[in-house]
Amino acid sequence: MQRWNSLVSLLIITALVASPIIPIFETSYSLIPHPVVRSDSLEFNGTRAFAYLEAQCAFGPRPPGSDNLTRCGNYVISTLETLGWPVEQQNWTHMGTPLRNIIAGAADLPRIVLLAHYDTRPRADNEPDPINQSQHILGANDGGSGTAALLELAAVLPDTAKNSVVLLFVDAEDSGGINGWEWIVGSTYYVNSLIVNQVAMIEAAILLDMMGDADLQLKREGSSTPNLVDNLWETAANLGYDNLFQNIPGYTLVDDHRPFLQAGIPAVDIIDFDYPYWHTLEDTPDKCSPDSLEAVGRVVEQFVQEQLDSPLTFRNPLGWWIVIGSASLVCLVVIVVLYIRFRRSKHTM
Ligand SMILES: [Zn+2]
């Protein structure tokens with residue numbers, strides 16, 4: 001009996017030790033081969049997207065709860081509806097401020113979520129002169145670019161996308177650290193509103209944030225799902241954008257993709273965080289370019305078409321190993337307890 005117990009314990013301990021190591025080999029994420037696609041088959045238009053960016057900036061700075069943001073949100077909704085997308089709104093109050101997420105497309109049955117924050121930071125923290133730091137930023141790139149790209153995607157994605165893609169415009173990403181506010185309030189609210197089936201259904205969440213600057217350099221954001229990043233960066237390389245989508249590690253950021261990751265949904269943050277005008281009054285349309293919007297927009301357009309045609313899974317098998325590891329641990333504890341009881345009962349006999 002003692003030998004049998006020791007053997008079982010040894011096997012379980014081996015499994016426990018091996019379980020975190022095995023996924024490292026399993027998820028080495030070799031790049032998935034893609035057909036080379038001629039970019040003229042894609043329709044995302046950078047000039048049109050840039051006009052959406054300028055239109056947002058024409059409302060002025062757009063901090064949460066402001067009239068400017070309300071008017072900008074209404075503009076986003078009317079643009080989406082004109083393009084034939086069904087639109088829902090999530091309205092709630094946070095820290096006494098009314099907030100609104102805008103959800104276009106397959107709100108009930110989302111397979112792919114494309115998202116951006118449409119609010120702008122209420123404070124220009126990175127201005128060198130303290131007097132300017134209390135001013136609102138215009139957010140041409142930080143807020144404006146991702147929102148503009150989503151609106152142009154609404155125009156070019158096939159009609160079938162409306163049944164399986166969600167275009168999500170989240171509020172209150174960018175007020176973190178001001179008057180007790182957290183970051184990523186709107187995206188957190190959205191993910192918390194999903195039911196279990198919807199969480200399981202979402203194959204990928206793609207966040208577009210600060211991807212419109214003229215000197216665009218996109219590095220792999222550190223917390224993003226690696227094989228989803230691989231897929232997008234490979235798509236970019238096939239479209240000739242490997243100079244912009246650089247296959248090197250970038251920053252690890254708290255951004256609107258995080259609530260998705262925490263829910264177990266594969267997610268990626270496409271962001272150029274080396275933007276010198278970040279959170280300054282200089283974040284204006286002249287620092288952005290139609291070419292940058294077009295490059296990222298076309299990569300996402302291509303990704304969505306491929307994913308809808310032949311879905312790939314980006315979920316990390318590590319989750320299963322955590323389940324197996326936990327179950328093994330419970331078994332081990334039970335066996336140890338039974339063994340100790342068995343020994344004691346033998347002694348008392
Ligand atoms: Zn920001």
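Trainee: What does pLDDT tell us about residues 18–30?

Mentor: pLDDT, the predictor's confidence in each residue on a scale from 0 to 100, stays under 50 over that stretch. The model has 15 contacts there beyond four places in sequence, a contact being two residues whose C-beta atoms, placed from the backbone, lie within 7 Å. Where pLDDT is low, the predicted coordinates should not be read in detail. This is a predicted model, where local features need pLDDT of at least 70 and side-chain atom pairs count only at pLDDT 80 or more, while totals for chains, interfaces and linings use all residues. Numbering starts from 1 along each chain as its sequence is written. For the protein, pLDDT averages 90, and 85% of the residues score at least 70.

Trainee: Why is serine 224 called buried?

Mentor: Count the C-beta atoms, placed from the backbone, within 10 Å of its own: 20 or more others make a residue buried, 12 or fewer make it exposed, and anything in between is partly exposed. Serine 224 has 26, so it is buried. Its place is the loop between strand 6 (218–220) and helix 9 (226–238). Beyond its neighbours within four places in sequence, Ser224 is in contact with Val229, His257, Ala267, Val268 and Asp269.

Trainee: How is histidine 279 classed?

Mentor: Histidine 279 has 19 C-beta neighbours inside 10 Å, so it counts as partly exposed. It lies in the loop between strand 8 and helix 11. His279 also has a positive phi, of about 55°, without being a glycine.

Trainee: How do you know that the span of helix 6 agrees with its number of residues?

Mentor: Helices here are DSSP runs of H or I with at least four residues, strands are runs of E with at least two, and both are numbered from the N terminus. The expected span of a helix is 1.5 Å times one less than its number of residues. Helix 6 (residues 144–156) has 13 residues and should therefore span 18 Å; its end C-alpha atoms are 19 Å apart, which agrees. Helix 6 is also mostly covered, with 11 of its 13 residues buried, among them Ala149 and Leu150.

Trainee: What makes strand 1 and strand 8 edge strands?

Mentor: Start with the sheet: it is open, has six strands in the order 1-2-4-3-5-8, and its pairing is mixed. Strand 1 and strand 8 (267–271) each have a single partner strand, so one side of each is left without a neighbour in the sheet. On average, neighbouring strands are turned by 20° against each other, direction ignored. Helix 4 (residues 67–82) packs on this sheet, touching strand 1, strand 2 and strand 4.

Trainee: Why is strand 3 said to pair with strand 5?

Mentor: Pairing requires at least two bridges found by DSSP between two strands. Strand 3 and strand 5 run parallel and are joined by four bridges, with Leu114 opposite Ile206. Strand 3 and strand 4 are also parallel, over six bridges, and Leu115 has Leu168 as its bridge partner. On to strand 8: strand 5 pairs with it in the parallel sense over five bridges, and Ala205 stands opposite Ala267.

Trainee: What makes strand 5 largely enclosed?

Mentor: Six of the six residues of strand 5 (residues 204–209) are buried, so the rest of the structure largely encloses it. In a regular strand the side chains alternate between the two faces of the sheet. Here, Ala204, Ile206 and Leu208 are buried on one side, and Ala205, Leu207 and Asp209 on the other.

Trainee: Which residues have the most contacts inside the largest nonpolar core?

Mentor: Such a core is a set of buried Ala, Val, Leu, Ile, Met, Phe, Trp, Tyr and Cys residues joined through C-beta atoms within 7 Å. The largest has 76 residues, and those with the most contacts inside it are Leu114, Ala149, Leu150, Leu167, Leu168 and Ala205. Helix 11 (residues 290–309) gives the most to this core, with seven residues. Leu114, leaving aside neighbours within four places in sequence, has contacts including Leu150, Leu168, Ile206 and Val300.

Note on methods: Axes fitted to C-alpha atoms, helices over the stretch in contact; angles between N-to-C directions.
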